[in-house]
Amino acid sequence: CSDYLDRYPLDSPSDETFLRTEAEFEAAVTGCYNTLWFKPIDNGSFLLTLECASDIGWDRNVSDLQILGQGAATPDNTYTGNFWNTLYRGIGRVNYILSKAEPLAEIVPTEKYNRLLAEIRFLRAYYYFYLNELYGGVPLLTTPVPLSEAVLPRSSKAELTDFILAELDAAVPNLPIQTDAANRGRVTRGAALALKSRVALYAGRWPEAISAAQAVMDLGQYHLHENFGELFSYAGQTSSEIIMSIQFLKGVMVHSTPRHFFSRIALGHSNKIPVQTLVDSYECTDGLSIDRSPLFDPAHPFANRDPRLGYTVVLPQSVFVGYVFETHPDSLQTWNYNFDPPRRVQNEEATHAYATFSGYLWRKYADPADYGDIDNSDLNLIMFRYAEVLLNYAEAKIEQGSIDQSVYDAINAVRQRPSVNMPPITPGKTQAELRSIIRKERKYELAGEGIRLFDIRRWNIAHEVMPGDLLGRIRNSFLSDAPRIDENGTPHYDNVANAAQMRVIERRQFRQDRDYVWPIRRLELETNPAIEQNPNY
Amino acid sequence: VYAQKASITAKNVPLREVFTELRKQTGYHFLYLTDDLKDAKPVSLSFYEASLEEILQHCFANQPLTYNIRRNRVLVSRKEAPPGTLHDLLMQHTVTGKVTDERGQALEGVTVVIKNTQQATTTDAEGNYRINVPAEGVTLVFSIIGFSTEERAVSAGATLNVQLRELVSDLEEVVVVGYGTQKKVNLTGSVATVSGSELAKRPVGQTTAALQGAVPGLTIVQSSGQPGRDGGIVRLRGIGTLSDSNPLVMLDGVESSLANVDPNEIESITVLKDAASASIYGSRAANGVILITTKRGSREGLTVNYNSYVGWQRPTDMPKIVNAIDHMELINEAYTNTGRSPLFTEQFIEEYKTQGASNRDRYPDTDWQDVTMTENGFMQSHYLAMSGGTDRMRILGSFGYLDQGGVVPNVGFDRYNLRLNTDVKLNEKLNASADIFLRRTDLKEPSTGTGYIFHWMRRIPANQAAILSNGLWGEGWNGDNPIAKAVDGGLRNEETLSGFVNLNLRYKPAEWLTTEVMYAPKYNEPHSRVFANTVQTYRWDLTPSFATPARNNLNQQFTREWYNNLRLTATFDKLFAEAHQVTFLAGFQQEDQRNDWLSAYREVFLFPEYQQIDAGNRENERTGGSANHWALRSFFGRLNYNYKERYLFEANARYDGSSRFASNNKYALFPSVSAGWRIGQEPFMASLMHIVTDAKIRASWGTLGNQNIGGLYPFAAFINVGGPNYAFGDQISMGAALNDMANPDIKWETTEMTNIGLDLNLWSKFNLTYDWYYRKTTGILLQLDIPNMLGLTAPYQNAGVVENKGWDLALSYRDQWGQLNYGITVNLSDVKNKVIDMRGIQRTARQVSREGYPINSFFGYIADGFFMDEADIANHPAQFGNVAPGDIKYVDVNGDGVINTLDQQVIGSPIPRYTYSANIDLGYKGFDLSLFLQGVGKVDGFMFGQGIMPFFEGGTVQEQHKDRWTPDNVNAAFPRLAFNESNNEQNSTFWLRSAAYLRLKNIQLGYTLPTALLKGKLQRLRIYANAQNLFTLTDFWQGYDPEAPGFGNDSASNGGWYPQMKVFNVGLDVRF
């Protein structure tokens, strides 16, 4: 009779009976990947929105991400809080499986069992990597922790790094070198090694960074994609340069990157944008920065520049999603190449109140195929690609002081892929020169991919590049002179006559004694008194 | 029921007490003048099952009094009139006349007394009287129980005919209570009733609208005027929980919802306000109980009723938005203020001014509200009921139809109600009833929802085009064009078919025992279909602009809800020793519900006129579906005891089991006790009987439960399957994960309530009911924050405590002045809500529930005027972004030299206090006029976003924003115009306003044709004109209805909602 009141869910198993079959095991592992779809704001991926918290990007929406970029984040910031919550959710899923996985070894083929566990241990390491870099040492949970025991202090950043590297070492042998097309997006050995090279590089553990990067190279699986622009489009999704990417799929999970990146006339909102300082940092095609290159003409500032500028940023007078992009207020009309022959149409970029505030847009990941469907992009977003591994390798070697030809080869391979074809770095550079070169190279190559924030932090230049006026282009003119470009590729406008005419997008602050790490959620501190807040928050 | 026999034993008791006892046993009313009884001798008597006549003869033997039995009344009078003075006798004149009721029927036994004397007479069977009056200028008083008392000045020799009005609130009134009925005078709990005839005075589609203001303590806020979504939010005596705060609604004993109950069908509504009256409903009664009883067939003959009205609707208020030129000039000011170059050049604005009128495609000047609100909100209601029967069988069949249009295109609501209520007397001991109820509702709105339509019509600047001159849709704002979407954007149709059968068998084996079994299954089948059609918009040069959505699509969902309800009760009712009335009820009930749903989605419909799933492209098709279920099992009982209807006592208990809790916590007991003292029945009050018709003091205490805690299975951890999916190689892969932490110890929320009340009826005309209560809810389910590093959603825990303290007052007075009947009812109540314990949770948000403050309080900064100059800013702690003179200044509450979240505090409460209403009824001959005023004395309303903030996220501004801060206008209503600056957009007291209001909720003028004019079978014909929400006095933000922000955890508004309506109706009420 008491059965009458026993009602359980009709569509899901209970915790007590779960994870007893191979199918359940696979589904649970898939659940750990699900965290990669993390979109902390505006239906945009964490990978790309992170750029707005660095010196080269900006979020126009009045949001906690904008506030973070301004240097005004508090422990209540939802953007930073979402990282904590979501990444730990992914970590929890991994811990849950690991705590219940042992009996599965009996029923799941050993190779598969080991592979699936390696996949999720990679994912946990990847999530911890973000937490560790963003917050600087976080509580390390490796098993499900009951609420009654949930008073845990932060482990140090080094301890986390040790853990991540050890986990990756453990995972690597059980991971496949390749996946078939049906399993594209799964963790491979290359991905684990690429993450390892990144983690070790960020931690200044040069030998490990070098060996991991070297191991990726030795896999022989990865090649630089010839067409740099194509790499970040639907056409480049299966490129052998991509080591691992977040898989989106229409009807299942999509993102609104086209809404953020597209111009107004291309029916986007232009609200996550690159800024003037990124544009000015790119070299001219002779390999010299614009303040030194004879090729730079202030009247034609976008001519003769590193092609990656045009592949990364939508420049004035370039065609973007079928329209000639131009924000000059006198350009009341523009060309629409979506018609044949092209038509003159009114130019929203010149008149729209919310056309891009900087005068530039991101071109990376803005695929015209998403035109007209701005909230429904399933363009995969790259987590690791071969060029980054090469640059990781080079930087670690440079910093370790073991500068040899392989360093030049790695950098030049990236610089000289066919569509970029910048002049090679010539041998004989000092460590300091190479340091400058590699830092600039990372900026040119990886801008817009969610890596910049970590670079400016670990190079200890964030307090130099973040504060002050965030600049957009002069609305109806160009800069009268080339700004001074420093060793990190950062422009300085003190010598530019009409610098004051540049559009001030916002005024940013940066406290060196605080803003190198994010604040920990206020509620996390209240619920776990063993945690200490980062200084000065 | 008038018994002929009575049993009475007494020694030396005053005659009056004998009368009282006889009245109780026989139901006969005793009519006498108190003065007459002064000379009566006490009597001793002993009768068993004797006839009334016999007993009376004994009592009146040797008394200076005599009696007369007329119908159900015993008229007591002196054997002879006392002698007056000689002068009086000489000057006497005679007055004669007839006393009738409102329908002209003769009233027998009416006491006619000369005011301030002891001279009296009574009317005879024809209602006639004759009385000698000493002189002109005296006043005659006509009175009889159950009718109004009338006074008339007399002129000698004249004929004085008097009409007495039947009093509605008879002492014999019976009200519906939980699982039974009770005499109103014997109630010990706090119970309020609203009759169907009162509801009928307000011709509205939704019962909640008709109930607004009708019951003190019942707060109803109507936050939307959208047809079909205009049901009010109902809260009884404050808010007791953070979970579901809706009162339990029982429609003829079956759990139901107030939404879409046709007011025409209602016979009466009972509101059980305190724990004592509600605890018989145990687990779901924590938010109070509303019992709705529908009309049933009448005993005799056949009557047909037809009620109908037609009406039109307009918004109560709309913001006034600036025109194109103003918009451009003001946004330029905002740009300049924030260091930007002006957005529009002087030259362009000049062009606009000169060429605009002749080229609106290029230079639009759109009044978005005007262009979108194209409809008149026509509505009509028809209700046809046939009722009739014989001694053995009674039937009421009714059909109701409501058709309510919107003020924007493609908004509407249709409702069809069909009811068949049947009562059958199978034999003397066995009765049965079978009710069938069917309802269909069809709601129609644009696929975007009306929120979208109103959001954008208040947001898009006037310099954006809505409709181009060739009829193509203009671009609106990035393709968001509210009129285009309303007309061409496809529809959301919600069609719900619901019904229930209520089968009831009542067996009465003995006079003192009634047993009853009820089975009432309920069926509900909501079906929604949303077809989002692609709307192509065009730029002024006719090139295509946005087309949204990118792919037209259809999303269809079928749901089936099946609810079983079985109930058994037995009622024992007996009078012991002529004084001890004992009623005992025992019952058992079990309920279960299962919901199943299935949904399908496809996109790209090449032929948008064919809106069926199969007509869409299979690529990206999606399906969904699942089911859930719950069950409740309950045992309940009630004991009523009264001694001579003077001392009243009641106890209730319910033992409830719910499937929502783990096995160790499934059951809980909810007891209550209450007592009443009818002080008016005490002998020592006898001398005041002509003033104090009835007086009662009540007190009650009890506990109630709440099982509506959000989830159906919060007690155990379940794996989410199919939520955490991922895609490998462009194929979806099914994922599974544990997302939520479970709490097996979870149990009921418990509400404890104490109530003290007073009921007073004076002169049979004036009623007062006052209740004071204290209501405390403990174990409120809170999702207490846990460290998110655990990776799971926090479990619910029984942790919160909330109290509500308040009082309800109802006053009514009804009388007649000449031919003018009038009545006035005033309701007033207050509730103070306070969160006692939140386990220290300190969330920051626009609305928070914090210890010491009301639930869902508004939270933000304290605005302290505007910055006057740069020095002012420099001397003030840093605020948000680039602050300039004219920006809102915030108080540095904690004095740490910076304005941040730590400076936010509770700034207001959305819970209405001092809710009041006043109803005035006037009747003169066939005319009737009623005025219903309703209001809230104290409540805060918060507006944000584009609803009130200038240029919010690029929107436009309203006329009122022109009164903005400039160096020349430092005492402005609004801050300086700014663009993309967050300082002024923080949640602060600046955007908080009092949403207190007084409104003329309803005014109605009706005329009933005199019976003499009605021919043939027509029994009644009344026509009326009615207006609702005709005017509102409030200090709330201009352009918005004070009820707009709503009431609850989302009671701040950004202006994107369907506004409240003014309604103008004319109606007809016919009875055959």
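**Notes on the model**

1. In this predicted model, 13 of the 14 residues of α7(A) are buried, so this helix is largely enclosed by the rest of the structure. Buried here means that 20 or more other C-beta atoms lie within 10 Å of the residue's own.

2. Helix α7 of chain A runs over residues 189–202. From its first C-alpha to its last it reaches 20 Å, close to the 20 Å expected for its 14 residues at 1.5 Å a residue. Just after α7(A) comes A:G204, with a positive phi of about 75 degrees.

3. Chain B is divided into domain 1, residues 1–79, and domain 2, residues 81–166. Between them, 10 residues of domain 1 are in contact with 11 residues of domain 2. On the domain 1 side, the elements that give two or more residues are β2 (29–31) and β5 (73–78) of chain B. β5(B) gives the most, with 4 residues. By type, this side of domain 1 divides into 3 nonpolar, 2 polar and 5 charged residues.

4. The contact between the chains takes 66 residues from chain A and 62 residues from chain B. Among the elements of chain B that give two or more residues to the side touching chain A are β31 (544–548), β34 (617–643), β35 (647–658) and β38 (719–721). The largest share of that side, 9 residues, comes from β34(B).

5. What is the make-up of the side of chain B that touches chain A, in nonpolar, polar and charged residues? The residues there divide into 28 nonpolar, 26 polar and 8 charged.

How values were computed: Residues numbered from 1 in each chain as written. Chains lettered and ligands numbered in written order. Predicted model: local features only at pLDDT ≥ 70, side-chain atom pairs only at ≥ 80, totals over all residues. Contact = placed C-beta atoms within 7 Å. Nonpolar A, V, L, I, M, F, W, Y, C, P; charged D, E, K, R; others polar. Expected span 1.5 Å × (residues − 1). Buried ≥ 20, exposed ≤ 12 C-beta atoms within 10 Å, placed from the backbone. Domains from an automatic or database assignment.
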